[in-house]
Amino acid sequence: MSELRKDLISKKWIITGTQSEKEFFEALNLKTKQEVGECFFCEGNEAQTLPEIYSIRKYDTRPNMPGWQVRVVPSKSAVFKIEGEMGKVGHGIYDLMNNIGAHELIVESPQHIKNICELSIEQILLVFKIYQTRIRDLNNDERLKYVLIFKNQRPKSIFRYGHTHSQLAALPLTPKAIKDELLSARDYFDYKERCLFCDIIRQEQRDKKRIIEENPDYIAFVPFATKVPFEITIMPKNHNADYCSENESSLRNFAQIMKVSLCKIASVLNDPPLNYILHTIPYLRPRQGYWKTIRDDYHWHIEIYPQISEITGFEWGSGFHIQPLLPEICAKILREAK
Ligand SMILES: [Zn+2]
Ligand SMILES: [Zn+2]
Ligand SMILES: [Zn+2]
């Protein structure tokens, strides 16, 4: 059974024990040998994944058969497991917890396409609607506190994971990175009585220098203090803390601005590996007024990180990110890219 363990010094939780020794070295070997297997995610290979959890498919087709447009399956190397007891226990001075949760893969296309930006806006819209469906569905499990949706895009990968997909991790706790963001938003709101993210949007619209793209509902910009070159944040222009409450017409505009932003990154940086992470509110389980202002102080958004530079020892050790290009220059290059 895998475990969550807390590092007492940084106060961060780590996930460990997700693989056996054998699995770990087999995977390592596979990576070095660069073996190409058949893609589990392509239409026709449904039997090679675990049984599907959800899919959007033609009305006369059956689950786990061809005929789907988007398909959700459990991860075989699940970092979290849905079965078992929650239990937080102490071990001497240390804290650890069973790794309860869900780890799902959202396969975004039946075809072997490697970059989500090559899909049509309508297809991307289906994917974004499935994010909402899965977050809502997992809310029924009282043990879960947060759903993190993210993508590790590896367009050059010859493995099955080169096939465009996103991942969902439903967690028994709110990750520290999210909690830090929630607390920072609440502090700002307590002090100014305004949403921090709405203020950032207004500042970016005044400065104009870091904006890449806007449509009626969304703004895409390079943040003022980026962690990596060509990082992009996309926010809804109308205040909203909860991704799940966006309607279809807004999600279509979200699909449009994502497609444009990701295509620009692919064109400027020669289709690099990248990650994106959706940040929305946690499940609001009752906890003595803890979430009193969250719908006013938090604002959902997506963060896109092209992986083009390696993390240096200084960055690991200091927590300072070194970003060689000024964010304004990155924004200009992306804005002008086709
Ligand atoms: Zn494939
Ligand atoms: Zn806001
Ligand atoms: Zn964020």
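Q: What counts as a helix or a strand here, and how many of each does the protein have?
A: Helices of at least four residues and strands of at least two are DSSP runs, numbered from the N terminus. In this predicted model, the secondary structure comes to eight helices and 14 strands. The radius of gyration is 20 Å, close to the 20 Å that the globule rule gives for 338 residues, so the protein is as compact as a globular protein of that length.

Q: What does the C-alpha trace span along its principal axes?
A: The spans are about 55 × 55 × 45 Å. Of the 338 residues, 30% count as buried. For contacts between residues at least 6 apart in sequence, 69% join residues at least 24 apart.

Q: Which residues of the largest nonpolar core touch the most other members?
A: The general idea is that in soluble globular proteins, nonpolar side chains tend to be buried together. Here the largest nonpolar core has 64 residues, and Ile106, Ile124, Ala220 and Ile234 touch the most other members. Helix 5 gives the largest share of this core, eight residues. Both domain 1 (3-171) and domain 2 (176-336) supply at least three residues each.

Q: Which residues does Ile106 touch?
A: Leaving aside residues up to four places away in sequence, Ile106 touches Val70, Val72, Val127, Ile130, His165, Ser166 and Leu168.

Q: Which way do the residues of strand 12 point?
A: In a regular strand the side chains alternate between the two faces of the sheet. In strand 12, Ile232, Ile234 and Pro236 point one way, while Thr233 and Met235 point the other way. Five of the five residues of this strand (residues 232-236) are buried, so strand 12 is largely enclosed by the rest of the structure.

Q: How many bridges join strand 12 to strand 11, and how many to strand 14?
A: Strand 11 (residues 218-221) is joined to strand 12 by four bridges, and the two run antiparallel. Within this pairing, Phe221 has Thr233 of strand 12 as its bridge partner. Strand 14 (residues 301-306) pairs with strand 12 over three bridges, also in the antiparallel sense. There, Ile232 stands opposite Ile304 of strand 14.

Q: Where do the buried residues of helix 8 fall when seen down its axis?
A: First find the buried residues: in helix 8 (residues 327-336) they include Cys330, Ala331 and Leu334. Seen down the axis, the buried residues fall within an arc of 100 degrees, so they line one face of the helix. These residues pack against strand 10, strand 11 and helix 5.

Q: What is the phi of Lys208, and where does this residue lie?
A: Most residues other than glycine have a negative phi. Lys208 has a phi near 65 degrees, a positive value in a residue other than glycine. Lys208 lies in the loop between helix 4 (196-207) and strand 10 (211-214).

Q: What is the phi of Asn270, and in which loop is Asn270 found?
A: Asn270 has a positive phi of about 60 degrees, although it is not a glycine. Its place is the loop between helix 5 (248-268) and strand 13 (274-279). Asn270 is exposed, because it has 10 other C-beta atoms within 10 Å.

Methods. Residues are numbered from 1 along each chain as its sequence is written. Chains are lettered from A and ligands numbered from 1 in the order in which they are written. This is a predicted model: local features need pLDDT of at least 70, side-chain atom pairs count only at pLDDT 80 or more; totals for chains, interfaces and linings use all residues. A residue is buried if 20 or more other C-beta atoms lie within 10 Å of its own, exposed if 12 or fewer, and partly exposed in between; C-beta atoms are placed from the backbone. A nonpolar core is a set of buried Ala, Val, Leu, Ile, Met, Phe, Trp, Tyr and Cys residues joined through C-beta atoms within 7 Å. Domain bounds come from an automatic or database domain assignment. Two residues are in contact if their C-beta atoms, placed from the backbone, lie within 7 Å. The radius of gyration is taken over C-alpha atoms; the globule rule is 2.2 Å times the number of residues to the power 0.38. Two strands pair if DSSP finds at least two bridges between them. The arc is that of the directions from the helix axis to the C-beta atoms.
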